[in-house]
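Here is a friendly briefing to read alongside the model. Please have the viewer open as you go through the points.

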Amino acid sequence: MRFQHATIVANIQGVLTAILDRHWLKDIPQGGYLAAIALRAAGMHAPDGARPRAMSCQYLSLPKPGGVSALIEAVSSGPERRVNVGLWQDGQCFFRARIWIAMEDPEVSRSRDTGPETFGQSHAVTARFQRMADKWPELYWYFDTRAPMSLAHGEGGPRIGAQGLSVRDFHCGQDRFLDAARSAMAIALLCWHDRAEDGVGPSADSASALGLTVWFHANAPEQDWLVVSAGHDGVGHGLGHAQANVQSEDGQLLASGGARLSWEPPWNWGRGARA
């Protein structure tokens, strides 16, 4: 099921409802998938012209495929609103997020190019991504990737290499929350695979998301391809942190963020350490 269809939220008799698709839960690191659903739920309560500014998420337990409900709690109102979003299944809240929503002209919020120093490890992103796509093709079936992309950087010369990433058959029209959901999904995926490629296989119990934070700097719904880069801060005592940026092809920063991950080194696999 395509991304925009797998993340649909509908108002059914006054209850915001989504259906967790088993393929996305099985094949894709679900942190970004759940964040995307929460963003779209928040968008249904947002006034016309609003856009998400930031979100901070916590993953409380593992859901199963099937129906979930989204509960929205308004925390503040005004030019910048804050809402809490909880995703519930079988009477249990398994995901919660706080989302900041801004009312402003998109031109005001356009971010200037961040320069070639964005991530020192961006040269290595492409090779890592390609190795994982080759090793687990079913995991990346929903995405297209292409060779390193070098972005112009004015008089400073070409930007460092980065990976081109596209969500297959993605269409969002002028839905800013769906466009932001794509960026959140990309950041969660990048943070996960940046850790997973260091020896962790694609399973929820070996490299799972504890939390995700994303800042949305601009919208680019007309962009088919995103330019992505990632890096991590290291791992200690089973915990790690990874960062990622999402840009347009003309160098505009669209989103940035990071994920807190639990991580188990491969030498512990098979020793009964994993729950």
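The notes below cover the core, the cavities, the cysteines and the backbone.

This is a predicted model, in which local features need pLDDT of at least 70, side-chain atom pairs count only at pLDDT 80 or more, and totals for chains, interfaces and linings use all residues. Residues are numbered from 1 along each chain as its sequence is written, and side-chain values use heavy atoms, with hydrogens and water left out.

**Nonpolar core**

- The largest nonpolar core holds 65 residues, and F3, Y33, M55, F95, I99 and L212 touch the most other members. Such a core is a set of buried Ala, Val, Leu, Ile, Met, Phe, Trp, Tyr and Cys residues joined through side-chain atoms within 4.5 Å.
- Helix 5 supplies the largest share of this core, 12 residues. Helices (H or I, at least four residues) and strands (E, at least two) are DSSP runs, numbered from the N terminus.
- Beyond its neighbours within four places in sequence, L212 has contacts (heavy atoms within 4.5 Å) that include M55, Y59, A184, I187 and A188.

**Cavities**

- A cavity is a set of points, on a 1 Å grid over the protein atoms alone, where a 1.4 Å probe fits but cannot get out; lining residues have an atom within 4 Å of a point.
- Among the residues that line the largest cavity are D179, R182, F216, N219 and L254. Helix 5 gives the most to this lining, with four residues.
- By class, the lining has six nonpolar, two polar and two charged residues. Here Ala, Val, Leu, Ile, Met, Phe, Trp, Tyr, Cys and Pro count as nonpolar, Asp, Glu, Lys and Arg as charged, and the others, Gly among them, as polar.

**Cysteines**

- The whole structure has zero disulfides, a disulfide being a pair of cysteine sulfur atoms within 2.5 Å.
- C93 is buried at 18% relative accessible area, and C172 is buried at 10%. Buried means under 20%, exposed over 50%, and partly exposed in between (1.4 Å probe, protein chains only).

**Positive phi**

- Most residues other than glycine have a negative phi.
- Q13, not a glycine, has a positive phi of about 50°. Q13 sits in the loop between strand 1 (9-12) and strand 2 (15-20) and is exposed, at 81% relative accessibility.
- D169 also has a positive phi, near 55°. D169 lies between strand 8 (162-167) and helix 5 (176-196), in a loop, and is partly exposed at 43%.

Conventions:
On a 1 Å grid over the protein atoms alone, a cavity is a set of points where a 1.4 Å probe fits but cannot get out, and a pocket is an open set with protein on both sides within 12 Å along at least five of seven lines; lining residues have an atom within 4 Å of a point.
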